[in-house]
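Okay, thanks for coming, everyone.

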Amino acid sequence: MDSAVVKNKSMLNKEFQHHHAAHCESGAVATLLRNNGFELSEAMVFGIGSGLFFIHIPWLKLAGYPVTAYRDKPHSIIKNICKRLGVRMRSQKFRTPELGARALDELLDKGIPVGLQTNVYWLTYFPDDMRFHYNGHNIVVYGKQGDDYLISDPVSDHVVTCSAEDLQRARFSKGMLAPKGLVYYPEVIPENPDLEHAIPLAIRSTVKSMLDIPVPLMGVRGIRFLARRMEQWPTKYGLKNAARHVGNVIRMQEEIGTGGAGFRFIYAAFLQESAAIINNEALLTISQELSDVGDRWREFAVMGAQIVRQKEKSASAYKNLAAIVRECADGEEAIYKKLRQVV
Amino acid sequence: MKKKDVPQEHDMYGDHLRACYAQDEKGNYEIVTSAGWDVESVVNTQANNEIRSEAEQSRLAVIAGLSSPLEFHMKRRQMTPSMLAANAGIWLWRVKRHLKPAAFNKLNNKVLACYAEALVMTVAELLQVPDEVVKDIAYRG
């Protein structure tokens with residue numbers, strides 16, 4: 001890659017800029033790229049990284065509940081961004097916490113802000129009730145002051161600090177998705193990344209995973225599958241436990257940092273921004289349609305919260321809830337089919 | 001979502017604000033900060049209350065001699081047996097045994113120290129449960 005330049009040297013002597021984001025992974029990548037002189041919004045990172053997805057696996061439990069995700073698996077955004085834009089990300093995992101701490105300090109000494117994978121539970125700067133064991137949270141560290149690390153957590157509106165001890169624990173937490181101290185930072189950023197080429201490629205890839213995977217757990221079929229399961233929850237789990245399952249889906253859609261409506265709004269923002277870049281007006285209409293589906297997802301959350309509040313106790317409430325989810329599936333299916341035609 | 005519809009209902013993120021994607025009057029998307037949404041607060045409270053009540057049940061079970069203190073401390077740190085096994089470096093089947101008082105009471109200091117480290121507490125703390133209901137289920141540093 002001849003046109004590529006090593007950007008990290010330019011970081012020295014430059015003030016680090018924090019950028020507020022909806023999602024930790026796209027936010028961390030956008031922050032790293034922007035601080036290395038590549039102006040790319042979080043929505044673009046999310047879209048080009050094909051972050052949008054849907055999956056529901058009843059038998060795979062996370063903290064006691066079936067896995068329901070509105071996005072692709074952790075680190076797929078980073079991988080796709082590198083592949084599609086020619087960014088070279090240097091990443092490293094460590095055998096021991098000591099090695100990991102030393103490597104991080106060395107990078108910070110050189111003035112290189114780095115992305116880290118962490119477990120949210122040990123990050124004490126978050127409010128207590130927002131902390132759960134989840135090993136896939138991405139943050140950016142940009143410096144160290146005494147014993148505290150200076151942290152730009154993408155999902156917070158301002159920078160924070162974290163003690164070395166707590167950060168160490170968060171980086172080397174074990175179990176599912178264990179971070180093993182992962183650090184990453186862009187080593188090479190091409191001078192003229194080909195967005196016009198990358199955007200249609202990324203959109204087609206998202207359309208493919210939402211429409212074409214021949215397994216009923218994923219994509220639009222996954223959404224319909226969730227609707228079907230949801231109707232069975234009251235009989236399967238009893239009303240109280242069924243309500244917990246509803247609550248868990250809503251948390252995956254809204255609470256974990258999705259920009260609203262399970263990443264549907266951030267993807268609509270990406271389509272809107274892309275319309276101008278690849279000069280494709282049709283994307284604007286489709287973006288608006290996705291916003292409308294997103295609003296419907298939000299209504300699902302409002303109605304689900306009624307069930308959680310126990311204001312709505314009948315099993316028929318689950319039928320209504322499932323009906324909204326099916327509407328969302330229909331709306332999204334139409335959107336992806338249209339996207340397939342226009343890009 | 002329209003900018004004016006971005007919920008500002010609770011200060012549920014402490015001194016943090018959340019980023020939402022919303023449209024301005026012209027339909028252009030931008031990041032709008034949110035102080036919290038009622039819906040989110042409801043499901044978050046549900047999840048936290050559940051963890052608290054499980055920890056409390058476990059605490060009472062320890063006092064009744066049915067569970068070991070390890071079970072309480074595991075729940076209080078929001079861990080599952082497999083998570084605790086991974087973090088303490090002890091086989092899952094052993095962890096499960098140690099959740100009962102009979103096996104737990106026979107543990108040597110070396111194994112106790114592994115658990116204490118994984119749960120971020122001293123061995124002395126690990127060996128007992130508080131006398132009162134514990135509301136605090138987050139690690140405080």
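Let's start with chain B. Residues 24 or more positions apart make up 52% of its contacts with a separation of 6 or more, where a contact means two C-beta atoms, placed from the backbone, within 7 Å. Before I go on: this is a predicted model, so local features need pLDDT of at least 70 and side-chain atom pairs count only at pLDDT 80 or more, while totals for chains, interfaces and linings use all residues. Residues are numbered from 1 along each chain as its sequence is written, and chains are lettered from A and ligands numbered from 1 in the order in which they are written.

Chain B has seven helices and two strands, and along the sequence the pattern reads β-β-α-α-α-α-α-α-α. Those are DSSP runs numbered from the N terminus, H or I of at least four residues for helices and E of at least two for strands. How spread out is chain B? Its radius of gyration is 21 Å, well over the 14 Å from the globule rule for 141 residues, so chain B is more spread out than a compact globule. That radius is taken over C-alpha atoms, and the rule is 2.2 Å times the number of residues to the power 0.38. The C-alpha box is roughly 70 × 30 × 25 Å along the principal axes.

Of the 141 residues in chain B, 40% are buried. Buried means 20 or more other C-beta atoms within 10 Å of the residue's own, exposed means 12 or fewer, and partly exposed is in between.

Now the contact between the chains. Chain B puts in 34 residues and chain A 44. On the chain B side, β1 (18–23), β2 (29–34), α1 (38–63) and α3 each supply at least two residues. The largest share, nine residues, comes from α1(B). By type, that side divides into 18 nonpolar, 12 polar and four charged. Here Ala, Val, Leu, Ile, Met, Phe, Trp, Tyr, Cys and Pro count as nonpolar, Asp, Glu, Lys and Arg as charged, and the others, Gly among them, as polar.

Next, the cores. A nonpolar core is a set of buried Ala, Val, Leu, Ile, Met, Phe, Trp, Tyr and Cys residues joined through C-beta atoms within 7 Å. In the largest one, with 115 residues, A:I266 and A:V325 touch the most other members. Beyond neighbours within four places in sequence, the contacts of A:I266 include A:F46, A:G259 and, over in the other chain, B:Y21. There is also a second, separate core of 16 residues, with B:L107 and B:Y115 among them.

A:K180 isn't a glycine, yet its phi is positive, about 50 degrees. A:K180 sits in the loop between α5 (164–171) and β9 (183–190) of chain A, and counts as partly exposed because it has 18 C-beta neighbours inside 10 Å. B:Q78 is the other, with a positive phi near 60 degrees, in the loop between α2 (69–76) and α3 (81–88) of chain B. Is B:Q78 buried or exposed? Buried, because it has 20 C-beta neighbours inside 10 Å.
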